[in-house]
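Please consider the following points alongside the model.

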Amino acid sequence: MDDASGVATSTQDDRGPRSISRNRTRADRAYRGIALAGGMVTFVVLFLIGLFLLVRSASAIRVAGWRFFTTAGWPPFLTEHSQFGIAAIVYYTVEIAVIALVIAVPVSIATALFIAEYAPRSLRRPLTSLVDLLAAVPSLIYGLWGFFFLQPKLIGVSLWLNTHLGFIPIFQVTEKLFRSSPFIAGVVVSLMVVPISTSVMREVFSQTPQGEKEAALALGGTRWGMIRAVVLPFGVGGMIGGAMLGLGRALGETIAVAIIISPILVISPHILQSGGNSVAAWIALRFSESSGGLGLSALMAAGLTLFLLTLGVNVIASFIVSRSRSGSGIEI
Amino acid sequence: MSLDVNDPAVRAETTQREAPPSLPPVRPGALRWNDVAVFLGASVSSLCLVWLVYERLAPTSGALGFVICWVLTFLLVYWIVERELEGPLVATDRLVAVGIGIVAVSLLIPLVSILVYIVYQGLHALTVSFFLRDMTGVGPQQSAKAGGAAHAIVGSLEQVGIALMISVPVGITAAVYMNEVKGNLTRPVRMFVNAMSGVPSIVAGLFIYAIWLLQFHHSFSGFAAALALSILMLPTVARTAEEVLRLVPDGLREASLALGSPEWRTTWSVVLPTARSGLVTAVILGMARAVGETAPLIMTSFGTQTMNWNPFSGPQQSLPLFVWQQYQLGGGAQGAPAFLRAFTGAFALIIVVLILFVIARLFGRSKLSAR
């Protein structure tokens with residue numbers, strides 16, 4: 001130790017160690033404040049959406065009351081005395097979403113398993129890109145393709161289902177009109193649901209601990225045995241969450257359904273028969289006719305219902321995915 | 001007792017012990033010609049069987065039904081053959097593998113079909129003037145080659161551009177809050193971002209209509225459409241950007257802080273530049289989502305037949321809205337001029353989306369290789 005450093009140490013000992021301030025500088029506090037503001041914009045927007053839709057739908061809700069949710073009709077011009085409600089519209093929205101999920105969930109699980117477990121390592125990224133590309137195709141394009149290209153092919157399927165499985169009530173029809181049915185809309189919407197649920201499920205499946213998978217294989221299990229015993233139980237949360245996120249997307253699908261469906265306001269259980277509806281498509285189709293007044297207010301009320309419905313589904317879905325053991329650390 | 005490996009007697013003994021009588025080594029993961037033969041045999045035999053029954057014996061026809069019957073018969077034949085050869089356990093395993101593979105690969109069918117169909121239909125009426133002229137004075141019955149979508153393309157560019165200017169700064173700031181600041185509200189903010197990404201596009205349009213047009217008494221304009229689009233882009237940008245920021249190594253942050261730079265400088269000069277290419281991917285993915293949205297535009301920019309360069313006043317057209325209105329004019333009649341125009345617009349739209357998507361993937365790849 002030389003002299004200079006000795007002196008330095010002694011002077012520092014006199015003053016004590018330099019105190020380290022835990023307080024942030026003013027610039028840092030501003031930085032954190034701005035970042036927080038950016039984060040809170042999402043909350044503010046969500047709040048404002050709810051608030052303004054509520055304000056604008058107030059007059060329709062005042063006229064219709066709770067019957068808004070139980071009435072099926074919606075006359076072209078709404079007056080103070082008309083009976084209108086979204087019962088039929090919500091019914092068909094849910095029906096189309098359920099049809100879409102019945103098709104999309106098994107396909108998503110299979111695709112996610114294929115990408116995560118079966119495909120060669122070099123194929124995984126291209127396959128993921130393909131699924132993402134399916135998500136990037138605009139809803140409008142799905143609608144045009146579904147209406148002009150897919151519909152003629154699905155009419156054959158509808159006819160077959162009706163002829164051979166007609167004893168099941170939902171496959172019955174009162175008249176043999178198979179165009180523009182909830183079934184066709186559901187098939188097209190399912191194509192839009194698949195990419196979303198697949199990407200969530202794939203991410204959860206690929207987080208399965210390698211050790212447990214190898215243990216199952218080392219015990220002599222086949223690959224399917226390993227998947228059934230390890231990967232699927234591990235990914236239950238992701239599968240449920242992915243399906244629910246898909247449900248949220250299916251409920252809010254607008255233009256594709258608006259192109260395919262021919263809107264009706266009578267509740268019917270026949271999914272193969274022409275005629276259906278959806279809240280989003282109804283708003284899009286009726287908006288230009290309801291400029292101002294009660295009609296617009298009623299559409300706002302329908303929009304508020306849709307907003308709350310999808311918000312609830314999405315919050316529950318992200319809660320399930322993030323809370324499940326499998327989903328730890330995964331953001332959807 | 002130690003063995004001298006150079007001792008010829010010991011070496012002979014060990015080689016003798018290592019070489020089993022005659023069985024070749026088994027590689028469980030290797031491709032065996034046996035399996036390939038079973039696969040091909042099952043597919044060909046089921047094809048022949050289904051063709052015989054479906055086309056000749058039973059009163060059925062149609063390509064879709066044929067393919068479905070073929071796949072089902074193939075799975076059955078494949079399972080029976082594997083069961084005879086390898087036993088039930090292996091047969092189930094192979095059956096599930098083949099079934100999952102078929103489902104996953106069949107997802108390609110709609111994708112390819114959409115691209116081919118839109119390109120095929122869109123090329124009918126595609127001319128250079130489609131990109132140069134607007135629809136002023138063009139009636140629905142006039143030839144599909146009259147008029148164009150220049151006004152829609154300009155509108156789309158301006159609206160998406162304005163939406164980018166709003167949602168990119170806000171989205172990246174939100175991502176910085178979630179991943180860099182990590183304050184008390186990180187979890188709620190993340191939940192709000194997730195919830196916002198589920199907002200249906202039509203609701204975003206209704207909201208802007210309610211607040212911008214009804215409350216503040218502005219008229220239909222491209223800017224209102226841009227506001228609605230930015231609501232839809234914001235969560236996409238924020239989420240993708242957060243994922244990208246998470247990839248920045250902690251060592252860089254700690255090095256910067258240890259050198260005495262404040263937090264804002266660490267984020268601004270170290271974290272964000274490191275994540276630049278990933279952030280570009282986030283922005284482009286947001287654009288790809290926004291450029292194809294139709295529903296919110298119906299109630300915000302409304303659409304027009306003439307060129308409107310000013311996004312802040314008066315109705316403005318955009319590409320998806322152009323397609324939607326032409327589709328409605330056509331009334332579902334194939335081959336009508338409006339139908340052809342709608343598909344030409346759809347063709348232009350899907351080309352734009354594809355280009356954006358490919359650019360996003362290229363940026364994403366360079367980010368991966370740099371890591």
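**Notes on the predicted model**

1. In this predicted model, the C-alpha centres of domain 1 and domain 2 of chain B are 45 Å apart. Domain 1 covers 32–106 and domain 2 covers 130–370 of chain B, with bounds taken from an automatic or database domain assignment.

2. Residues are numbered from 1 along each chain as its sequence is written, and chains are lettered from A and ligands numbered from 1 in the order in which they are written. As the model is predicted, local features need pLDDT of at least 70 and side-chain atom pairs count only at pLDDT 80 or more, while totals for chains, interfaces and linings use all residues.

3. At the interface, 68 residues of chain A are in contact with 71 residues of chain B (contact: C-beta atoms, placed from the backbone, within 7 Å). Helix α2 of chain A, residues 26–64, gives the most to the chain A side, with 19 residues (helices are DSSP runs of H or I, at least four residues, numbered from the N terminus). That side of chain A has 46 nonpolar, 16 polar and six charged residues (nonpolar: Ala, Val, Leu, Ile, Met, Phe, Trp, Tyr, Cys and Pro; charged: Asp, Glu, Lys and Arg; polar: the others, Gly among them).

4. Helix α3 of chain A (residues 87–118) has 32 residues and reaches 45 Å between its first and last C-alpha, close to the expected 46 Å (1.5 Å times one less than the number of residues). α3(A) bends by about 30° at Ala104(A), with Pro106(A) following within four residues (bend: the angle between axes fitted to the seven residues ending there and the seven starting there).

5. α5(A) bends by about 55° at Leu150(A), and Pro152(A) follows within four residues.

Terms used. Two residues are in contact if their C-beta atoms, placed from the backbone, lie within 7 Å. Helices (H or I, at least four residues) and strands (E, at least two) are DSSP runs, numbered from the N terminus.
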